[in-house]
Amino acid sequence: MNPIVHRTLVVQLRADGTARCPVLAHMSYDPEDPFAVTAMFTLDGRVLARWRLDREMLNESLRGPVGVGDVRLRPVRQGRWREVRMDFLGDPLPGGERHHAVVFAWAPALASFLSDTYMAVPPGREEVRMDDVLAEILATG
């Protein structure tokens, strides 16, 4: 059994037109859920948001834009500084728009975390226990 991979990154959060604010992104990868990465964003010990992200999508975001739904990722460069911009769309607002938060993560730190996840479970070696998936679906239905 492979251990869970954890990494805490300092990222920059910009929400609904505000300036960037540093927050912590607690990234975790559990080989028992091999296609997902959990990102929990915190500030002063409070959880701001928790997202389950596709591991391969995160990896692809280091090279180009990905995502068309509630999560959209793309690399950005400011001089020599390389980041991954993560756009998160949330619940609808009364005017029809949606909550929108943007997180900027330092690309080399994200790449290092992903490298550790690929050491735990190499690409193409992910396994999902279908009995467990079906049991979870039936339990929530």
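**Overall picture**

Modeller: The accessible surface of the protein (Shrake-Rupley method, 1.4 Å probe; for residues, only the protein chains shown count as cover) comes to about 8,900 Å², and carbon and sulfur atoms hold 55% of that. Keep in mind that this is a predicted model, where local features need pLDDT of at least 70, side-chain atom pairs count only at pLDDT 80 or more, and totals for chains, interfaces and linings use all residues. Residues are numbered from 1 along each chain as its sequence is written, and side-chain values use heavy atoms, with hydrogens and water left out.

Colleague: In what order do the elements of the protein run from the N terminus on?

Modeller: Helices (H or I, at least four residues) and strands (E, at least two) are DSSP runs, numbered from the N terminus. The protein has 3 helices and 7 strands. From the N terminus on, the order is β-β-β-β-α-β-β-β-α-α.

Colleague: And what is the radius of gyration of the protein?

Modeller: The radius is taken over C-alpha atoms, and the globule rule is 2.2 Å times the number of residues to the power 0.38. For 141 residues that rule gives 14 Å, and the protein comes close to it, so it is as compact as a globular protein of that length. Its radius of gyration is 16 Å.

Colleague: What percentage of the 141 residues count as buried?

Modeller: Buried means under 20% relative accessible area, exposed over 50%, and partly exposed in between (1.4 Å probe, protein chains only). By that cut-off, the buried share of the 141 residues is 34%.

**Helix 2 and its surroundings**

Colleague: What span does helix 2 reach from its first C-alpha to its last?

Modeller: The expected span of a helix is 1.5 Å times one less than its number of residues. Helix 2 (residues 107-120) has 14 residues, and its reach is close to the expected 20 Å. From first C-alpha to last, helix 2 spans 20 Å.

Colleague: Which helix is included in what covers the buried residues of helix 2?

Modeller: The buried residues of helix 2 include Leu-110, Phe-113, Leu-114 and Tyr-118. Their cover includes strand 1 (5-15), strand 2 (21-29) and strand 3 (36-43), among others. Asn-59, found in helix 1 (residues 55-60), touches Leu-114 and Tyr-118, not counting residues up to four places away in sequence; contact means heavy atoms within 4.5 Å. The helix in that cover is helix 1.

**Single residues**

Colleague: Is Ser-61 buried or exposed?

Modeller: Ser-61 sits in the loop between helix 1 and strand 5. Leaving aside neighbours within four places in sequence, its contacts include Val-66, Leu-73, Val-84 and Leu-110. At 0% relative accessibility, Ser-61 counts as buried.

Colleague: How far apart in space are Val-71 and Asp-91, C-alpha to C-alpha?

Modeller: Val-71 is in strand 5 (residues 71-78) and is buried, with a relative accessible area of 13%. Beyond four places in sequence, the contacts of Val-71 include Trp-51, Met-57 and Phe-88. Val-71 and Asp-91 are 20 residues apart in sequence, and their C-alpha atoms are separated in space by 13 Å.

Colleague: What is the phi of Asp-44?

Modeller: Most residues other than glycine have a negative phi. Asp-44 lies in the loop between strand 3 and strand 4 (46-54) and is exposed, with a relative accessible area of 72%. Although Asp-44 is not a glycine, its phi is positive, at about 55°.
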